[in-house]
Amino acid sequence: MAVLYHMSLDELIDFDIDLAEIQETIERTSEETENKINWTNAWGKKYPILLKYQDKVNIANYAYRLNKMLDEIEEEYQFNKQDAMLVLKDILYNVWKKRKNSK
């Protein structure tokens, strides 16, 4: 697997441990706790753009278009609001990953 993913064996083992820790944390976190977390601020420490894009980006335009996509996913596949959001988020992530890997 290390050769397949172009990683050293140590990196692969560390990745597996990190992934297990993340999955364990997700499972232990209640919805009530998740609602208290300001995810923008939390991720903004690692990705500062999250703390400063609001003055530069036409948020209303993108929010409108994203809402339309969410509505389409809900209607077409009979998903609830949360499931539609998770599907759209996963699609966006996969598009980003492909763009990142193609450069």
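1. Accessible areas come from the Shrake-Rupley method with a 1.4 Å probe, and for residues only the protein chains shown count as cover. On that basis the chain exposes about 9700 Å², with 57% of this belonging to carbon and sulfur atoms. Of its 103 residues, 8% count as buried (under 20% relative accessible area; exposed is over 50%, partly exposed in between).

2. This is a predicted model: local features need pLDDT of at least 70, side-chain atom pairs count only at pLDDT 80 or more, and totals for chains, interfaces and linings use all residues. Residues are numbered from 1 along each chain as its sequence is written, and side-chain values use heavy atoms, leaving out hydrogens and water.

3. The chain has six helices and zero strands (DSSP runs, H or I of at least four residues for helices, E of at least two for strands, numbered from the N terminus).

4. Mean pLDDT (the predictor's confidence in each residue, from 0 to 100) is 87 for the chain, and 84% of the residues score at least 70. Helix H1 (residues 9-28) has the lowest mean among the elements, 72. Helix H5 (residues 59-77) has the highest, 98.

5. Ile37, Trp39, Trp43, Tyr47 and Ile49 form a nonpolar surface patch with about 520 Å² of accessible area together. Patch members have over 30% relative accessible area and no salt bridge (a Lys or Arg side-chain nitrogen within 4 Å of an Asp or Glu carboxyl oxygen). Nonpolar side chains (Val, Leu, Ile, Met, Phe, Trp, Tyr) are joined within 5 Å, like charges within 9 Å. Tyr47 sits in the loop between helix H3 (39-44) and helix H4 (49-52). Tyr47 counts as partly exposed because its relative accessibility is 40%.

Methods
Buried < 20%, exposed > 50% of the residue type's maximum accessible area, 1.4 Å probe, protein only.
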